Amino acid sequence: MLGSSIKRRCAFVASLLVVAASSCTEVPRGVGPSPLRRLSNGEYLRSLQALFPTVHVPVPALPEDNVVAGFDNQAESQQPTDVRVARYETIASLYATVLTEDAAAVRAITGCDDWSTPQRADACARSFIARVGERVFRRPLDDAEASRWALRFHAWETSVDFEAAVRLTLTALLQAPQFIYRLELEPLAPTGERLARVDDAALATRLSTLLWQSGPDDALREAARQGRLSTAERVRAEASRMLADPRAKAGYWAFHRAWFGLDRARSDEHAARTAEVDPGWTDRTSAAALDESRRFIENTLFETGSFRALFESPRAWVDQETARLYGVPGPTQRGAVVEVTLPSDQRAGILTRIAFLAGHSHRGATSPPIRGNAVFVRLFCELPNSPPPNVDTSPPTQSPDAGAQSNRALFEARTQPAACRGCHRALDGIGFGFERYNAAGIYQSLDRGVPVDSRGELLRSGVDGPFDGAVELSRLLARSSVVASCLVRQWVRFAMGRAPHEVEHSWVESLTRRFSAHGSERELLLDLVSSASFRYRPVGDQP
């Protein structure tokens with residue numbers, strides 16, 4: 001019964017995506033569309049954890065979110081599927097079962113001590129629906145909603161009993177569109193107006209989902225309830241509180257994990273390395289590498305907010321496995337993590353970390369084009385030209401009778417034809433700068449017995465010119481106006497669930513100018529969430 005119900009609701013919600021997208025042609029200048037958005041897998045699971053922090057149940061894996069432009073939270077790719085709907089129902093049932101496993105648990109979740117009479121049961125049910133419903137839906141239920149849920153509760157109570165009704169109501173709440181989707185049901189703007197201010201409850205969800213990757217906490221819900229999110233200054237003040245909370249680390253990590261493509265380190269291709277690259281590499285190694293990057297990004301940005309530190313800092317939080325790869329002293333206890341300073345002549349920021357380097361390599365060798373392409377696509381927001389037809393894109397191999405040749409020499413020979421040189425001058429000009437790190441991200445001064453040549457050249461970067469090695473490259477990129485502009489556009493995409501709209505050009509340019517002046521991602525986020533484009537939406541974007 002619940003499964004078919006949620007499928008009907010999700011089918012209806014999916015149709016709204018088309019309606020929301022069709023409103024793009026009538027957007028007032030400066031504020032882009034606000035398409036209907038589903039919680040991403042990460043947002044959904046963290047929301048459950050925040051709602052019920054004491055509940056720990058093994059849940060089935062959700063289907064992977066579709067990725068658009070590197071991000072898994074984009075509205076255009078969030079259509080529901082039968083498998084996803086079924087998983088939501090299973091997970092909701094698992095949580096509801098634990099939360100009502102005995103009388104003490106029912107008392108805890110309902111907040112009632114006695115439901116022994118019809119009057120007490122009715123009062124308890126209504127109180128439970130209002131209190132838990134507000135937390136699950138991230139806004140208070142209106143009178144009509146509360147009445148409908150009370151009718152459903154009493155029907156289940158009549159069919160089974162009170163405890164079962166609590167469990168079934170929880171199961172239904174946790175798979176309702178009001179939880180799964182970010183519905184914004186604010187009033188229409190005055191007649192003739194084409195903009196509406198996002199109401200406080202919906203704005204609280206926008207804030208918490210962006211900054212914490214989760215639902216609003218009690219303080220944020222109370223601020224929304226009291227109308228304290230009605231001005232840019234109040235939104236900025238509330239966001240400042242949220243960014244000072246350790247939960248903000250989740251938002252920083254979710255964005256930068258996607259922006260730098262760090263999940264590539266956990267793909268099937270990177271589950272192993274050849275013995276020549278690293279005989280000790282296992283699946284646990286790639287997991288440890290990703291975890292090390294997570295700690296670096298979270299701590300660096302939470303403590304300072306500094307964009308440059310993200311590219312320049314040698315700080316690292318390592319376990320035994322990542323310490324081995326970095327060649328630094330690590331913890332003596334398995335599973336422990338310690339903070340270290342990596343050699344400053346070898347490592348500077350995220351681009352010289354194992355997860356990025358290994359994730360943009362092959363199993364048995366580095367690939368300057370892949371690493372250079374990663375910088376162009378992710379940091380310059382620029383798509384390179386496609387290779388010519390029928391070109392050999394396999395990794396070049398050394399001829400047995402050619403003598404010792406470095407990986408760089410092999411790629412230089414491969415890309416000598418005129419049809420290749422145009423693109424590869426820019427791609428490999430960056431990629432060669434990473435040649436001091438092998439396919440496992442281990443620092444090396446020799447490659448196949450040949451001294452490593454890590455000289456490169458930056459083009460179309462705003463800081464064009466020669467450089468030597470990824471440390472120097474990282475410091476240049478930290479000062480690049482092109483990278484700064486790309487970062488701002490990607491934060492806008494991540495925050496809004498879509499690419500920046502053409503009417504938002506002046507907004508994005510304003511954010512970029514301010515960011516270029518202060519260099520703080522924390523300040524960038526405060527500017528973003530307090531802007532009109534974040535706090536308003538065109539009328540009719542959502543029902």
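Is the crossing of α9 and α10 left-handed or right-handed? The crossing of these two helices, α9 and α10, is right-handed, where right-handed means that the near helix is turned clockwise from the far one by less than a right angle, and left-handed that the turn is anticlockwise. This is a predicted model, in which local features need pLDDT of at least 70 and side-chain atom pairs count only at pLDDT 80 or more, while totals for chains, interfaces and linings use all residues. Residues are numbered from 1 along each chain as its sequence is written, and side-chain values use heavy atoms, with hydrogens and water left out.

**Helix packing**

- Helix α9 (residues 200–211) packs against helix α10 (residues 218–225) at an angle of about 150°, and their axes are 8 Å apart; helices are DSSP runs of H or I with at least four residues, numbered from the N terminus, and axes are lines fitted to C-alpha atoms over the stretch in contact, with angles from 0 to 180 degrees between N-to-C directions.
- That angle makes α9 roughly antiparallel to α10, a term for angles over 145 degrees.
- On the α9 side the contact (heavy atoms within 4.5 Å) is made by D200, A201, A204, L207 and S208, and on the α10 side by L220, A223 and A224.
- By class, this contact of α9 with α10 has six nonpolar, one polar and one charged residues, where Ala, Val, Leu, Ile, Met, Phe, Trp, Tyr, Cys and Pro count as nonpolar, Asp, Glu, Lys and Arg as charged, and the others, Gly among them, as polar.

**Disulfide of C112 and C124**

- The structure holds two disulfides, each a pair of cysteine sulfur atoms within 2.5 Å, and one of them joins C112 to C124 with an S to S distance of 2.2 Å.
- The two cysteines are twelve residues apart, with C112 in the loop between α4 (103–110) and α5 (118–137) and C124 in helix α5.
- The torsion about the S-S bond of C112 and C124 is about 110°, so this disulfide is right-handed.
- Both C112 and C124 are buried, that is, under 20% relative accessible area, whereas exposed means over 50% and partly exposed in between (1.4 Å probe, protein chains only).

**Disulfide of C381 and C486**

- Another disulfide joins C381 to C486, with an S to S distance of 2.0 Å, and this link is right-handed, with 80° about the S-S bond.
- C381 lies in the loop between α17 (368–379) and α18 (407–414) and C486 in helix α21 (residues 481–496), so the pair ties together parts that are 105 residues apart in sequence.
- C381 counts as partly exposed at 27% relative accessibility, whereas C486 is buried, with a relative accessible area of 0%.

Key
Angles under 35 degrees count as roughly parallel, over 145 as roughly antiparallel, 65 to 115 as roughly perpendicular and the rest as oblique.
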